[in-house]
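Come along and check each entry against the picture.

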Amino acid sequence: MAVDTKKVDEIIAGYEKSEESLLAILQDFQREFNYVPEEGMEKLSELFGVPASKIYAMGTFYKALSLEPTGRHTCKVCTGTACHLKGASNVVDVIGRQLKIRPGETTKDMRFTLQTVNCVGACALAPVVVVDDKDYYEGASPQNILKNLKNYK
Amino acid sequence: MENIKIVIDGKEVEAIRDQSVLDVARENGIYIPALCYHPEVEASGGSCRVCLVEAHQNGRMRLVTSCNYPAREGLEIKTDTDLVRRIRKGVVELLLSRVPDSDVIRELATRDGIEDTRFFKDEGDNYRYKCIACSLCTLVCEEVVGVSAISMLNRGYEKEPGTPYHKASQACIGCGACAYACPTQAIAMTDEGALRKIWGREFSMVSCSVCGKPYIPEAQVDWIVKTTGKERSFFDKCPDHR
């Protein structure tokens with residue numbers, strides 16, 4: 001998948017050319033493209049004189065950065081202890097079957113990325129599904145969660 | 001440089017202030033097992049935990065990694081006590097659980113009388129079947145070679161050395177320093193005729209004009225010429241025929 005190189009240049013131009021800016025730039029890439037593109041890392045390595053392997057290592061280290069394109073929406077299903085007991089695995093199964101993906105994968109139409117997370121800190125609401133890191137669905141059941149996911153295009 | 005005296009296993013030995021205890025022990029023929037430490041790599045050490053010793057100082061005792069523990073006046077080191085042996089047994093068993101196929105780790109285990117590990121064994125056709133993730137290879141590549149073609153990727157139990165996207169690295173010069181430095185010989189490097197394969201890339205080798213033996217990758221010659229300004233003709237002959 002090709003990314004907008006102009007956008008890449010724009011993001012890099014907003015920062016000081018030093019190693020300290022690297023993580024902030026990678027985060028901006030993540031926000032802009034929903035992942036950290038290879039082209040962006042190559043460009044950074046070239047411009048900043050930092051070895052490509054170091055920037056790549058940074059990308060693999062932080063969970064907040066994805067090296068593969070992710071969907072327009074991320075759907076995180078909590079599989080922490082409380083959610084697990086309240087049937088989170090069913091929720092994961094049902095969503096996965098509906099979207100035809102496994103946890104960690106992205107739908108072909110780039111609409112959803114499905115992830116499982118270990119406890120979002122809202123155990124009283126178990127089982128919890130978080131969409132786009134802002135919409136919390138409490139008491140998620142296989143029935144109601146599919147209905148809710150329909151609202152995301 | 002300040003010369004001091006420290007005691008290792010009851011023997012008084014000479015040392016330089018802040019020299020690593022492991023180096024002092026080695027200079028005096030005292031054996032301490034160690035994997036991830038290399039005296040020529042400044043940032044190395046402290047990762048495999050095999051070189052644990054008891055450090056007695058100011059009336060207190062601590063278990064420390066001897067490879068990065070500084071020698072100071074009044075320091076007394078014990079390398080072979082029950083405590084050291086017990087803790088190292090755990091360390092070696094954990095290493096054994098990660099890389100059960102490694103000859104080096106198995107030998108280390110046998111030496112300490114360990115037959116098997118209590119922990120889950122990471123067996124099978126695994127890419128990291130010999131790697132203990134000590135990061136010595138990446139440090140050598142960065143500090144000694146100066147190209148940083150490889151870095152430690154991922155984290156936790158998935159941590160491993162590698163090139164970006166696991167693709168053939170353009171930065172790599174094929175010198176093989178990482179493979180030589182690796183304490184468990186986990187990095188695959190093959191030389192076939194005038195072709196070297198390492199990190200998924202092939203390098204053509206320069207042959208010696210006297211004996212005809214291929215001995216250095218072209219990319220490495222380029223790198224040395226570029227960074228040191230040495231004459232290219234210097235590499236016509238191998239070290240044996242210069």
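How many residues of chain A are in contact with chain B? I note first that this is a predicted model. I looked up the contacts and found nine residues of chain A touching 13 residues of chain B. Helix α4 of chain A, residues 52–61, gives the most to that side of chain A, with seven residues. I sorted this side by class too, and got five nonpolar, two polar and two charged residues.

Next, I looked at how chain A is divided. Domain 1 covers 5–61 and domain 2 covers 73–149. The C-alpha centres of these two domains of chain A lie 30 Å apart.

Then I turned to chain B. I found six helices and 11 strands there. Of its 242 residues, 37% count as buried. Its C-alpha atoms fill a box of roughly 60 × 45 × 30 Å along the principal axes.

I followed one sheet in chain B. Five strands make an open sheet with mixed pairing, in the order β2-β1-β5-β3-β4. Strands β2 (11–16) and β4 (60–65) of chain B stand at the edges with a single partner strand each, so one side of each has no neighbour in the sheet. From one strand to the next, the twist averages 35°.

I checked one pair in detail. Strand β1 of chain B, residues 3–8, runs antiparallel to β2(B), and six bridges join them. B:Ile6 stands opposite B:Val13 in β2(B).

My last entry is a helix. Helix α2 of chain B (residues 82–98) lies across β3 (52–57), β4 and β5 (76–78) of chain B, running at about 145° to β3(B).

Key:
Residues are numbered from 1 along each chain as its sequence is written. Chains are lettered from A and ligands numbered from 1 in the order in which they are written. This is a predicted model: local features need pLDDT of at least 70, side-chain atom pairs count only at pLDDT 80 or more; totals for chains, interfaces and linings use all residues. Helices (H or I, at least four residues) and strands (E, at least two) are DSSP runs, numbered from the N terminus. A residue is buried if 20 or more other C-beta atoms lie within 10 Å of its own, exposed if 12 or fewer, and partly exposed in between; C-beta atoms are placed from the backbone. Domain bounds come from an automatic or database domain assignment. Two residues are in contact if their C-beta atoms, placed from the backbone, lie within 7 Å. Ala, Val, Leu, Ile, Met, Phe, Trp, Tyr, Cys and Pro count as nonpolar, Asp, Glu, Lys and Arg as charged, and the others, Gly among them, as polar. Two strands pair if DSSP finds at least two bridges between them. Axes are lines fitted to C-alpha atoms, for helices over the stretch in contact, and angles run from 0 to 180 degrees between N-to-C directions.
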